[in-house]
2 protein chains.
Amino acid sequence: MLDRVLNAKSVAIIGASKNKTKRGYQAIKTLLADGFEGEIYPVNPKEDKILGLNCYKDITQIDAPIDLALITTPAGTIPDILRKCGEKKVAGAIIIAGGFRELGVKGKELELEAVSVAKQTGVRLIGPNTSGMINLKTNMNLVGIQNPPRGNIALLCQSGNMALTLITEATIRKHEGFTYYVGVGNESDIKFHEYLEFFRNDPETKAILMYVEGMSEGRKFLQEAHKTSIKKPIILLKSGRSATGKKSAGSHTGSLAGMSEVSNRAYGRAGIIVIENSDELFPVAETLSSQPPIKTNTIAILADGGGHATIAADLLSDYGINLPELSDTTKAKLREILPEAASVINPVDVAGGTDADPSLFADCAKIILKDPNVGGLLVVGLFGGYGIRFEESLAIGEEAAAHRFGAMVKKRHKPIFVHSLYSSYESRALDLLRHYGIPVHDSLDISCKCVASLCKYGNYLKSYHGKTNFVFNWRAKARKEGQQIIETAKKEGRHVLLEHEAKQLIQLHGAPTSVGQVAKNQEDAWAMASKIIGNRDRKDKVVLKIVSPDILHKSDACGVKLNLSSESEVKKSFQQIIKNAKAYNPDADIRGVLVAPMAAKGLEIIIGTKIDEQFGPVIMYGLGGIMVEIMKDVTFWVLPVSPVSCKKMLEDTRSSVLLGGVRGQKGYDKAALRKLISMCSELIESYPEIEEMDLNPVLLYEEGLDVVDARIILKK
Amino acid sequence: MLDRVLNAKSVAIIGASKNKTKRGYQAIKTLLADGFEGEIYPVNPKEDKILGLNCYKDITQIDAPIDLALITTPAGTIPDILRKCGEKKVAGAIIIAGGFRELGVKGKELELEAVSVAKQTGVRLIGPNTSGMINLKTNMNLVGIQNPPRGNIALLCQSGNMALTLITEATIRKHEGFTYYVGVGNESDIKFHEYLEFFRNDPETKAILMYVEGMSEGRKFLQEAHKTSIKKPIILLKSGRSATGKKSAGSHTGSLAGMSEVSNRAYGRAGIIVIENSDELFPVAETLSSQPPIKTNTIAILADGGGHATIAADLLSDYGINLPELSDTTKAKLREILPEAASVINPVDVAGGTDADPSLFADCAKIILKDPNVGGLLVVGLFGGYGIRFEESLAIGEEAAAHRFGAMVKKRHKPIFVHSLYSSYESRALDLLRHYGIPVHDSLDISCKCVASLCKYGNYLKSYHGKTNFVFNWRAKARKEGQQIIETAKKEGRHVLLEHEAKQLIQLHGAPTSVGQVAKNQEDAWAMASKIIGNRDRKDKVVLKIVSPDILHKSDACGVKLNLSSESEVKKSFQQIIKNAKAYNPDADIRGVLVAPMAAKGLEIIIGTKIDEQFGPVIMYGLGGIMVEIMKDVTFWVLPVSPVSCKKMLEDTRSSVLLGGVRGQKGYDKAALRKLISMCSELIESYPEIEEMDLNPVLLYEEGLDVVDARIILKK
């Protein structure tokens, strides 16, 4: 859909100018200088010609179809200009101007007006508040960053400066570049997920690099990301996670900075490689756009000194990458060619073995890459600098090794990474490596991060089967009876289900819970209780709880009585609860008292769902009591969750080890818990009316579980 | 003491050579080329002259005093050569050769022999297994790294490659360099702390940069670090923290990689700036060697685009740095000179205000640095690149701003940091900043890390008073009675104190505990118990526990009976415990049964001490039960701990919030807990015989506490 916009064959510059300091001049100049393959139409009512091109009074007067309009005029002019663009059947418009949502209420109104004009006229908007866009395939440079390098990475960026940073970095590193750059700006019309879909289908784009401050349609983005990352990697840095950062992002692109626990987990599930440090953003994208993913999560290190090897081993371990022991064959072969002092475990340390002839690096690499335990090779240390540091003639051996490295990666489909202290020096060997597409870095940290990202992406591809696609099938498994419970509440003007209603609803979908019965008077209460207590041998006891749509927090109203077993206790408690409730809220609509069996002691679990403003329905899971209240040891996942995800959720909190049984105890029924989480996912999918659900506590046993309290709030 | 070694005026090269590939040739060549200010004496029995210098058959034949010998010959020759060095009264020797401890048992024996010769002869050793050392003040370059830049940083490094990395980085960055480099190698004789002491007293050294794989005398190092970091900052990267890293470090310098929880905490307490990523090591050292520490923990950000500002705000928040709101005066003044779209909160975003004249950066900086809320300024974005990116003439405004930045830092003693995308380009403005000593980086991550380190160092200096100096005064407060308890155990050949002995010992030092009495038979037991139970109203109960030096884990032997209150219970339990103990270990030396009051329920705490192989006595604190067993939520501190440290220890675990009281409960007696920890520190200092102590559990109450069980193990 965005083809006519991002691959425009004709561009109108609205606000074209003869003033060299104006964007409307620079844009035309850059298009001419870069050799844009399409047509350029300056628009300015006051000029006849700009930079040798005919200038039009108005976009409607142009006697040819226009795909894209670059609008450089101030915010206030935008709605009218967009109307004319619509008249002209322009496919898309880039709005450079700031002064919209990011400047408060008035700006937001203006932005909404612009979007509404766009919707009516069918003109798609990039921005506002953007630095523009570049299509490097057609040399359509609408930003004015000079000589952006062409390559395989599509760049989606919510900050002009970050785009400039990344493009500058690519220019300095020389090897890799871009297919497109789009400055997303306020993302008021075209959304991140639409660009993603476009880049997924662009054959030249091999990786998508994103800088995000906040996005408005998180769930659709996850859905598109899920479809995209199986085909090509997405690398993303999300800023604005701190309070000050949020403030800054807010005044910057007027975006919402979402809860980072929710988003990082969700991005990971969609296969996105999330980056925390901006230094790593471009190198990781470069790596993922050009190297085969490592699916074994393993790497070998080849070093010409211990320090670098030790640091690299530390970092890779931190990232969870295995440094497997080399096979006996590999070790024996390395022993043959390396000096006695060399270490042939992984990391391999040549211990001076390469001093006389650095082409030995290639011999070592060949032996190591043949090892089936090894998914790739990281060379750390001085390679590429032997001719600089020691003796000029050594450069020849390095160059020979570089050629052989090139042949190896081609043959074995295992990546080689080279960390070299001499990466910023003139080194033919390193240039050769770059020519062969081998990533070269002068930072150990970045080399290791690139290796780790390639493993992470490989792990994702390997486990792709069973991943959710984040698509919600509303009313998927809704039941008539369930719907009726909700309708009843709505009819009564309630947006809260009563406890027994909520329990009926979850029971309907298979959750183990004792619904209980609502007693209207103390005789009823005892009649119901006595059935539960019934058989004295079972020692069952009952709990009484107030039932009122106006009393959400039953304990606060002293509306709960536990462990009751005699007629007098039950009757007295009934009276007391009613009395307390009336005292707590004289106007409360009291429906009665719920009589339910006391649950046996078990491990306390909390499950909750809510609607996240970016991602829609999300679920929270954790152990109850101090684990959630004090240790905040909970995990949030975007719904729906697959059975595999349920399993991972249970491993996602530190306290989850308690599920396995500790101090010699038997473990708890994890299968029942997973089933309950799946049920919650299904339930939320079935009833779009639900705003929030709390199952708290759920008591988990060696066998089975019991949802002791359930609260469901409907959307208003 | 190391003055004659590190500031040597005469150097003998033992193993001098005419072969250009040999170290014994290169060393002399480098000394000559660099213009070493002292005398050079080649030693080789087979040569007469090397590089124009007279060559000696033997070091003893040199007819002048020799301060330092560089020994380039293989490991096996070292002991004999050292003997001759001793004869010649050489102050120090650098042993380049590997093949010692790092190669196993045989190598270790050789190393011990060399060290023993050194001790006998008084020759101090650098290495073995080192790349050498450099004194840049006298041009004594004994490493062969070409043209190391001179400056104010002393470099202590346990990896030749890391030294080369750091020196290369300094060369590329141009501004800062080194006073000394010492390759510490296996640290077999001269220890890290001795070098530290030397550098502390060297007036030209402004900061000490360390790469450590493992150190042998951690406590002495902490003591010297404590004395040093108040005068000049120490920046340290400790590698070998992962299992694989340790393996690699082990085969590298044969060093012990210590427990990183213990060491990072201890380093921090000694004021050391601990670095995790090798990329940050040099920039942070450069910053700390040249910038005034920030004691307010605050910084302002000045940006010409939102993306960089947001990322920087995120990072600084992660580091715990405040970005304070600017004063109303500051904001008003900024408003006057910046366009309407600009943000004048912190971060300040000029929003295009500098496009026409980048000297406006200096106007903004001046206003911001005057603000008393602000401890320093971080400029992020394109500064230094306006002349490159936009219009050449803008470079003039940038240069003007650079000069004014220089004047400001001189006047205000507040540091300015500049992040510039154009840091690796030719930019006069950036060169000027470097000239004025203003740190310039092209990495936002590194800029922020530098700011954070300057704050961290400032915070340390501010809180220096009350820091422990890590000095242990053995027998500090030992009591005669305490000593007797230990002597009794030793006389009996025991290295375990019995529970009541351990409790007596801690009670002697003021710990609240019920020692109890040892009953030899059931009648005794009841007599003792009845006194405790005595008054029926108090409802006190007793606990019986087996007393045997051969049964450490009393519960495993079913040797504990709780909650006893009647004569029959007590007597029956006594019999049962003795029977169980005999069944558990028929050979056990059974001393009787301890009768003690049952402790009231309270919050379970665990305190333990042990001897760390690097740092000596350390203490562990945490909440008991699942917090320690499952959540591993404990903290380790090197002893002694000051009262201030005790307070920090209690804040150092996540679960410590429970101490403050939760769910509406009253809090616990933190003062009593701090006192107990202080007591443990004192106790360990008093009795050097103690190897391990466990107070587990300690029950903490709203008022007071009770050490319910105590175990003390003596050194063998």
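**A pair of helices in chain B, and its surroundings**

Modeller: Helix α20(B) passes helix α21(B) in a right-handed crossing (right-handed: the near helix is turned clockwise from the far one by less than a right angle; left-handed: anticlockwise). The model is predicted, and local features need pLDDT of at least 70, side-chain atom pairs pLDDT 80 or more, while totals for chains, interfaces and linings use all residues. Residues are numbered from 1 along each chain as its sequence is written, chains are lettered from A and ligands numbered from 1, in the order in which they are written.

The two helices cover residues 522-533 and 567-584 of chain B (DSSP runs, H or I of at least four residues for helices and E of at least two for strands, numbered from the N terminus). Their axes come within 9 Å and cross at roughly 135 degrees (lines fitted to C-alpha atoms, for helices over the stretch in contact, with angles from 0 to 180 degrees between N-to-C directions). That angle makes α20(B) and α21(B) oblique to each other (under 35 degrees is roughly parallel, over 145 roughly antiparallel, 65 to 115 roughly perpendicular, the rest oblique).

Which residues of α20(B) and α21(B) meet? From α20(B) come Gln522(B), Ala525(B), Trp526(B) and Ala529(B), and on the side of α21(B) they meet Glu567(B), Val570(B), Lys571(B), Phe574(B) and Gln575(B) (contact: C-beta atoms, placed from the backbone, within 7 Å). Sorted by class, this contact of α20(B) with α21(B) holds five nonpolar, two polar and two charged residues (nonpolar: Ala, Val, Leu, Ile, Met, Phe, Trp, Tyr, Cys, Pro; charged: Asp, Glu, Lys, Arg; polar: the others, Gly among them).

To see another arrangement within chain B, look at helix α15(B), residues 394-412, and helix α16(B), residues 428-435, whose axes come within 8 Å and cross at roughly 10 degrees. With that angle, α15(B) and α16(B) are therefore roughly parallel to each other. In this pair Ala395(B), Glu398(B), Glu399(B), Ala402(B), His403(B), Phe405(B) and Gly406(B) of α15(B) meet Arg428(B), Ala429(B), Leu432(B) and Leu433(B) of α16(B), and the contact of α15(B) with α16(B) has six nonpolar, two polar and three charged residues.

In chain A, helix α12(A), residues 328-337, and helix α13(A), residues 360-370, have axes that come within 9 Å and cross at roughly 165 degrees, and that makes α12(A) roughly antiparallel to α13(A). The crossing of α12(A) and α13(A) is right-handed. The residues that make this contact are Thr330(A), Lys333(A), Leu334(A) and Ile337(A) from α12(A), together with Leu360(A), Asp363(A), Cys364(A), Ile367(A) and Ile368(A) from α13(A), and by class they divide into six nonpolar, one polar and two charged.

Finally, the contact between the chains takes 61 residues from chain B and 61 residues from chain A. Elements giving two or more residues to chain B's side are α5, α8, α10, α11, α17 and α22 of chain B. Of these, α11(B) gives the most, with 10 residues. The residues on that side of chain B divide into 22 nonpolar, 29 polar and 10 charged.

Notes
Two residues are in contact if their C-beta atoms, placed from the backbone, lie within 7 Å.
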